[in-house]
Amino acid sequence: MKVEQVAEITGFSADWVRKMARSYNALGAEGIVDGHQKSPGGKQKALTPEQQKQLFERLQSPPDDGGLWSGPKVPQLNPTECIWPMLRERLANKVFDNLDALEAVLIERCQWLMNNPITVKGEVGFSWLCSI
């Protein structure tokens, strides 16, 4: 199968597919293990057991578009992925003098999101998100 076909099926870029193939060829299965699992922050699960169960159940049926589950489709089921656009909108087209300035804007936006759960719920479509 050609790289472009794999990219289309998985939703990954052709460059990423090539990188993963090189890593697999060099290291075997260990070369394509998600590195986040090995990082100190990777030990904490993003979803509760109940949310994991809901996600697993949802993945048992085809996606809404009738195609195949792919890289870009599965994150749409993860509530934390849906928050990124709401967070990024405060950063768009801005330049920050330093990391402290960026951090201040991110903290302010996160606080706003936490204080406006109805808005967040409406944007992401997950009723249980506000309980995280």
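Hi everyone. Before we start, this is a predicted model, where local features need pLDDT of at least 70 and side-chain atom pairs count only at pLDDT 80 or more, while totals for chains, interfaces and linings use all residues. Residues are numbered from 1 along each chain as its sequence is written, and side-chain values use heavy atoms, with hydrogens and water left out.

Let's begin with the overall fold. The protein chain has six helices and zero strands; here helices (H or I, at least four residues) and strands (E, at least two) are DSSP runs, numbered from the N terminus. Of its 132 residues, 17% are buried. By buried I mean under 20% relative accessible area, by exposed over 50%, and by partly exposed anything in between, with a 1.4 Å probe and protein chains only. The accessible surface is about 10100 Å², and carbon and sulfur atoms account for 57% of that; these areas come from the Shrake-Rupley method with a 1.4 Å probe, and for residues only the protein chains shown count as cover.

Now, on to charges. Side chains of opposite charge can pair when their charged atoms come close. I call it a salt bridge when a side-chain nitrogen of Lys or Arg is within 4 Å of a carboxyl oxygen of Asp or Glu, and by this rule there are four.

Take Glu4 and Arg18, whose closest N and O atoms are 3.2 Å apart. This pair links distant parts of the chain, with Glu4 in helix H1 and Arg18 in helix H2 (residues 14-27), 14 residues apart. Asp15 joins Glu4 and Arg18 in a network of salt bridges.

Within helix H3 (residues 49-59), Glu57 and Lys53 sit four residues apart, about one turn of the helix, and their side chains meet in a salt bridge at 3.9 Å, N to O.

What about Glu89 and Arg109? Their closest N and O atoms are 2.2 Å apart. Is Arg109 buried or exposed? At 8% relative accessibility, Arg109 is buried.

Last stop, that loop again. Asn93 lies between helix H4 (79-88) and helix H5 (99-115), and at 85% relative accessibility Asn93 is exposed. Most residues other than glycine have a negative phi. Asn93, although not a glycine, has a positive phi of about 60 degrees.
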